[in-house]
Amino acid sequence: MNFDFTEDQHEIKRTARDLLASRSSLSAVRTAAEAHQYDDGLWKGLVELGWPGIAIAEEHGGQGLGAVELAILAEELGYAVAASPFLATVLAAEAIGAGGTDEQKAAWLPGLASGEITGALGNADGLVPDADAAAVIVLVDPDGGARVIARADADVTPVDAVDPTRRFARVGADGGEPLADSAVAVDRALVAVSAELVGVSQRALEMTLAYVKDRKQFDTPVGAYQAVSHRCAQMLKDTEGARSATYFAAWAADADPERLPEAAALAKAASSDGARDVTASAIQAHGGIGFTWEADVHWLYKRAQVDAALLGTSGKHRRRLAALLATRLAPAAA
Amino acid sequence: MDLTFSDSEAAFRDELRAWFESNDPGPSPEGEDESYAYRRDWQKRLADDRYAAVHWPSEYGGRGASITESAIFFEELGRARRPLPANVLGILLAGPTIMTFGTPEQKERYLPPILTAEEIWCQGFSEPDAGSDLAALKTKAVKEGDEWVVTGQKVWTSGAQYSKWCMLVARTDFDAPKHKGLTYFLMDMEQPGVQVRPLVQITGEPEFNELFIEGARIPDENVLGGVGNGWKVALTTLMNERSGLAFFLQVRLRQLLDELVEEAAERDLLDDPVVADKIGYLHMKAEILRLTAYRGLTTIEKYGTPGPEGSLTKWMWSETNQELAQFAADLLGPEALTNGNRWAYELLRSRGNTIEGGTTEILKNIVAERVLGLPRLKGAA
């Protein structure tokens with residue numbers, strides 16, 4: 001058993017971390033968020049590297065890597081709170097790639113892989129990230145079925161959501177083509193969202209540690225006080241717990257698909273709760289400055305809030321877990 | 001990333017399942033002494049087939065199992081609902097500490113009877129005034145000729161009434177800084193200077209004891225790891241305290257949760273959204289514990305030193321076990337609050353989980369200082 005990345009996967013992670021540190025610094029994120037616009041240069045750079053197509057099959061123009069590699073990139077883009085349509089595009093690609101018909105794959109995957117078009121995915125009754133600029137939208141209906149809709153056939157109303165680092169919309173559409181397998185499509189999308197949430201948590205933890213080591217009150221770094229240091233320990237516990245669940249789900253998506261439904265629900269429940277708690281703690285541990293627009297922790301808190309709602313809250317996924325467990329243990333009653 | 005077990009690990013698991021299947025000691029008998037004798041007999045059966053301490057090197061009667069194989073052993077022990085061996089402290093704590101610091105004579109003398117449960121061990125570390133601040137301990141040992149004379153008091157000493165030997169840490173240099181004046185002894189419990197008094201816990205059971213030591217004598221050859229080196233030797237014991245067992249406890253937690261879900265199903269409670277939410281929550285926490293423990297194994301096997309996971313799993317387990325027991329009381333109503341009911345027992349016993357083997361507060365300090373690199377508050381050690 002090896003519950004760690006391969007050397008190649010570690011290399012992808014290091015490369016992504018370094019690249020985003022220079023191309024998507026927090027001041028770049030601020031500029032994009034305050035202008036309500038994406039960082040076009042960043043997106044072009046990601047496209048040149050082939051990131052949108054990392055998990056798309058080679059026959060459709062992608063790199064043909066797996067859910068683990070995609071999770072690594074999603075985590076790093078979450079860590080950077082990058083202002084880009086990356087997540088929405090790869091969610092649509094994962095859904096179509098894993099659950100789409102041959103026609104749907106042929107129609108949309110090459111464009112998504114090359115970055116020529118962007119995609120979007122979300123709940124039919126929720127906020128759909130990046131739907132306005134997308135060429136293709138995957139809508140998940142309340143019964144769990146998912147439909148593929150061309151942008152031209154959708155009624156898209158942009159919404160100014162609490163997370164200004166990302167564009168959102170409400171999408172109205174009656175038609176569209178159903179996916180062949182909506183369940184696996186949504187579960188694979190859940191893994192990528194969870195990975196972004198783990199990255200958000202990791203960044204909030206690191207920013208908080210740097211702050212509480214430096215900030216002094218009563219002549220002592222505030223991180224020495226247990227009220228603060230124990231909060232930081234809890235942040236680590238939440239982050240690492242969500243990471244364990246998310247990496248397991250990313251591995252199961254390709255290597256053990258029978259376990260994906262449970263693993264995806266587990267990852268989304270753990271990473272949503274984790275990121276909301278960790279980013280809230282980050283604001284608290286920063287004190288008054290953490291509550292200002294000027295500090296950067298709020299980008300993380302806001303990203304966590306909207307991601308946590310994307311494709312179902314932790315409560316929805318906990319109930320799903322309970323139903324799966326009950327089916328296993330007491331099939332008659334479930 | 002590959003979360004499947006290797007062929008040899010899978011074969012070891014199969015071998016263990018078959019062995020536990022054909023070796024069933026039956027239910028534990030009533031009565032404290034009877035139940036202890038039962039666990040002692042169980043350990044002898046394990047030792048006969050070299051399963052008592054699979055992580056020990058084969059030269060000492062183990063199987064030289066890897067850390068993953070050792071985890072598999074404890075998982076399967078728990079899954080088969082077999083008891084822990086009677087001399088669990090000897091196997092997990094005393095043995096590995098003696099292997100690290102013992103002289104060839106000490107290894108030869110002490111290790112074999114640990115494995116066969118002929119000599120049971122207890123741990124004499126904590127004192128009434130030295131709990132989390134262990135290095136503040138006051139029990140003193142004074143050299144007289146080629147013997148040490150020991151006076152003091154120890155507390156929370158599990159299994160002392162059955163023990164032949166005690167891992168004793170005592171102060172031998174009163175002028176040295178508090179971490180430096182300590183020495184680790186192997187103390188014979190069968191002598192007039194050692195009195196054992198049972199300490200009854202909130203369950204009504206005496207799992208542990210107080211130890212009153214008045215002029216007990218320890219020959220100089222029973223110093224482990226050198227005079228004045230006791231803190232370092234004790235830390236080795238404490239590091240072993242949180243290994244292996246985590247997998248046994250993780251499996252026990254999973255079994256308790258599954259049984260509670262089955263009870264809830266029998267009572268038609270699973271459709272209640274509040275119940276479903278809580279079951280989903282506990283299932284999530286039990287899985288996170290299991291997965292994080294596995295990640296910890298990979299970190300140790302790949303990089304040689306424990307990562308942050310190791311510090312988190314005991315905290316996760318103890319917290320979740322308490323939440324599970326509390327939820328059982330909500331779910332099952334008055335009978336879960338009735339003495340003799342297993343959930344009532346869990347409700348009481350689980351309170352100790354966040355204290356024994358390092359309080360949650362101390363674990364948070366360890367995480368904050370050693371994993372996160374936060375500064376230490378002045379005065380706190």
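Mentor: In chain A, strand E3 (residues 136–140) and strand E4 (residues 146–150) run antiparallel to each other and are joined over five bridges. Two strands count as paired if DSSP finds at least two bridges between them. The elements themselves are DSSP runs numbered from the N terminus, helices being H or I with at least four residues and strands being E with at least two. At one spot in this pair, Val140(A) sits opposite Ala146(A) in E4(A).

A word on what you're looking at: this is a predicted model, where local features need pLDDT of at least 70, side-chain atom pairs count only at pLDDT 80 or more, and totals for chains, interfaces and linings use all residues. Residues are numbered from 1 along each chain as its sequence is written, while chains are lettered from A and ligands numbered from 1 in the order in which they are written.

Back to the sheet. E3 and E4 belong to an open sheet of four strands in chain A, ordered E1-E3-E4-E7, with mixed pairing. Strand E1 (119–123) and strand E7 (177–178) of chain A are the edges, each pairing on one side only. Helix H5 (residues 86–99) of chain A packs on this sheet and touches E1, E3 and E4 of chain A; residues are in contact if their C-beta atoms, placed from the backbone, lie within 7 Å. The direction of H5 makes about 80 degrees with that of E1(A), with axes fitted as lines to C-alpha atoms (for helices, over the stretch in contact) and angles running from 0 to 180 degrees between N-to-C directions.

Two loops are worth a click while you're here. Val81(A) lies in the loop between helix H4 (67–79) and H5 of chain A, and its phi is near 40 degrees, a positive value in a residue other than glycine. Val81(A) is also buried, with 27 other C-beta atoms within 10 Å. By the rule used, a residue is buried if 20 or more other C-beta atoms lie within 10 Å of its own, exposed if 12 or fewer, and partly exposed in between, with C-beta atoms placed from the backbone. Asp130(A), in the loop between strand E2 (128–129) and E3 of chain A, has a positive phi too, near 60 degrees. Asp130(A) is buried, with 25 other C-beta atoms within 10 Å.

Now zoom out. Chain A has eleven helices and nine strands, and 57% of its 334 residues are buried. Its C-alpha trace spans about 65 × 55 × 40 Å along the principal axes. Among contacts in chain A between residues at least 6 apart in sequence, 69% join residues at least 24 apart.

The contact takes 42 residues from chain A and 42 residues from chain B. On the chain A side, the elements giving two or more residues are helix H7 (182–214), helix H8 (226–255), helix H9 (260–285) and helix H11 (314–329). H8(A) gives the largest share, 14 residues. By class, that side of chain A has 27 nonpolar, nine polar and six charged residues; Ala, Val, Leu, Ile, Met, Phe, Trp, Tyr, Cys and Pro count as nonpolar, Asp, Glu, Lys and Arg as charged, and the others, Gly among them, as polar.

Note on methods:
Two residues are in contact if their C-beta atoms, placed from the backbone, lie within 7 Å.
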